[in-house]
Amino acid sequence: MPIPPDLDACFAALVMEHQAGVRAFIRMLGVEAGSVDDLAQETFIVALRRLEDFDQSLPAGPWLRGIARNLVLNHRRSLARHALVIHPALAEVLDLAIGTGEDPAGKLHLDELVLHLRDCIERLPARGRALIAERYTACASDIGAVAVAVDGPNAPSANARRQALFRVRETLRRCLVAKVGEVEL
Amino acid sequence: MSGAAGMEGGAVGAERMDLIAAAVENTLDDAGAAALVDLAGRDAAVLRALRLHLLIDEVAAQELLPTRSAAAFAAGLDERRRAQSDGFAFLARVRARVAAEDRVLALLSAPHAAPDAARPAGLLPNGAANAGPDTAPPIPITLLGDRLPSPWLAGSAAAAVAAGVLLYGAVGTQNNPGAGTTPVGSLIAHASANDLYAEIRRKDGP
């Protein structure tokens with residue numbers, strides 16, 4: 001069903017404003033990295049169908065995250081789709097604990113966190129950026145092979161590489177905390 | 001965030017770090033997941049740390065990988081929307097494609113002179129295996145005339161293949177420029193003379 005041009009433009013703006021936050025939220029629900037975009041696209045398609053019903057005086061972020069959360073829940077309930085999440089039990093715990101990304105005091109929004117994180121990532125040393133990018137260029141189980149390809153025979157082991165990645169994320173976390181204080185998600 | 005803050009000073013053990021890292025990298029086994037769920041149940045800071053690491057990992061991927069960029073996401077969403085909203089047009093394109101292929105096969109199965117029995121069998125244009133192996137290399141369509149049994153058949157087969165490829169290409173790339181031909185179209189376009197010959201023999205019998 002074609003949608004009116006103005007609605008189309010409205011939808012495009014909605015996507016560009018919220019896509020990063022919606023994807024981050026879906027990942028935080030325990031969805032594995034490779035399925036995040038698929039579910040986020042589904043979220044926006046559902047939102048498009050309901051766009052005319054959406055009260056535009058309300059913030060769109062929580063509305064979109066509510067749709068995303070329901071979609072992830074539906075996928076988790078389908079046994080065939082368990083592969084979408086890191087682990088069903090862990091996804092359940094993550095879902096129970098998470099809100100829709102709004103700080104209780106209303107001061108901090110997930111979309112703002114994403115913006116601050118982008119700034120932190122820009123400041124990350126080149127090696128840290130390369131480590132993160134490498135992680136996605138091969139299966140996680142091949143991290144050792146990637147390390148050898150990048151660093152030669154003296155490359156650190158897969159475990160050392162995993163620890164290094166963890167430290168990179170910790171660096172980013174400290175940067176975020178320095179910007180916004182302790183983060184309650 | 002006490003748990004995450006504790007990680008800075010190493011208060012959170014290596015086990016927690018390993019489990020969170022494995023969760024983020026999707027290498028967590030059942031035992032690891034159970035251990036992490038247990039830890040998270042006893043210390044909310046572990047759960048917060050896990051969520052924050054997942055958030056950081058996702059945003060970093062969006063920022064550093066072109067395939068996860070905002071533009072790539074928007075393009076994928078647009079394509080998906082079009083595929084969903086254009087269902088009837090898509091069905092019509094598929095039907096036209098099938099009809100074009102049927103016309104090509106109908107032309108190829110027209111009566112013709114007896115084939116040369118010495119020619120080897122091969123793969124049929126639809127990819128199904130024929131009686132024997134195809135050892136001949138693919139031959140461009142323009143050269144088909146040299147290998148077919150009669151000038152009439154050579155001319156009609158080449159014309160039919162060319163028409164089929166044109167029809168197919170026009171339909172197949174209508175809404176997807178640059179996508180090229182689909183596997184079936186490619187098979188027709190790259191069919192060797194032996195492939196065509198085997199198909200004709202199959203339809204006409206010995």
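The side chain of A:His87 reaches the backbone nitrogen of A:Ala89 at 3.2 Å. When neighbours within four places in sequence are left aside, A:His87 is in contact with B:Asp29, B:Asp30 and B:Ala33, contact being defined as heavy atoms within 4.5 Å.

## The interface between chain A and chain B

The contact involves 61 residues from chain A and 52 residues from chain B. Together the two chains bury about 5,300 Å², with 66% of this on carbon and sulfur atoms; buried area is the accessible area (1.4 Å probe) that two parts lose on being put together, summed over both. Within chain B, the most area is lost to chain A by B:Glu25, B:Arg51 and B:Phe73, which together account for 14% of what that side buries.

Six salt bridges are counted between chain B and chain A, each requiring a side-chain nitrogen of Lys or Arg within 4 Å of a carboxyl oxygen of Asp or Glu. A salt bridge joins the side chains of A:Arg118 and B:Glu63 (3.0 Å, N to O). Helix 4 (44–64) is among the helices of chain B that each supply at least two residues to the side touching chain A, and helix 4 gives the most to that side, with 17 residues.

## The disulfide and the cysteines of chain A

One disulfide is counted over all chains, on the criterion of a pair of cysteine sulfur atoms within 2.5 Å. A:Cys120 and A:Cys175 form a disulfide with their sulfur atoms 2.0 Å apart. The torsion about their S-S bond is about -85°, so the disulfide is left-handed. A:Cys120 lies in helix 5 (residues 110–123) of chain A and A:Cys175 in helix 8 (residues 158–180) of chain A, so the pair ties together parts that are 55 residues apart in sequence.

Both A:Cys120 and A:Cys175 are buried, whereas A:Cys10, at 29% relative accessibility, counts as partly exposed.

## Conventions

Residues are numbered from 1 along each chain as its sequence is written, and chains are lettered from A and ligands numbered from 1 in the order in which they are written. Because the model is predicted, local features need pLDDT of at least 70 and side-chain atom pairs count only at pLDDT 80 or more, while totals for chains, interfaces and linings use all residues; side-chain values use heavy atoms, with hydrogens and water left out.

Note on methods: Helices (H or I, at least four residues) and strands (E, at least two) are DSSP runs, numbered from the N terminus. Buried means under 20% relative accessible area, exposed over 50%, partly exposed in between (1.4 Å probe, protein chains only). A polar contact is a pair of N or O atoms within 3.5 Å; within protein, one must be able to donate a hydrogen and the other to accept it, and residues adjacent in sequence count only if both atoms are side-chain atoms.
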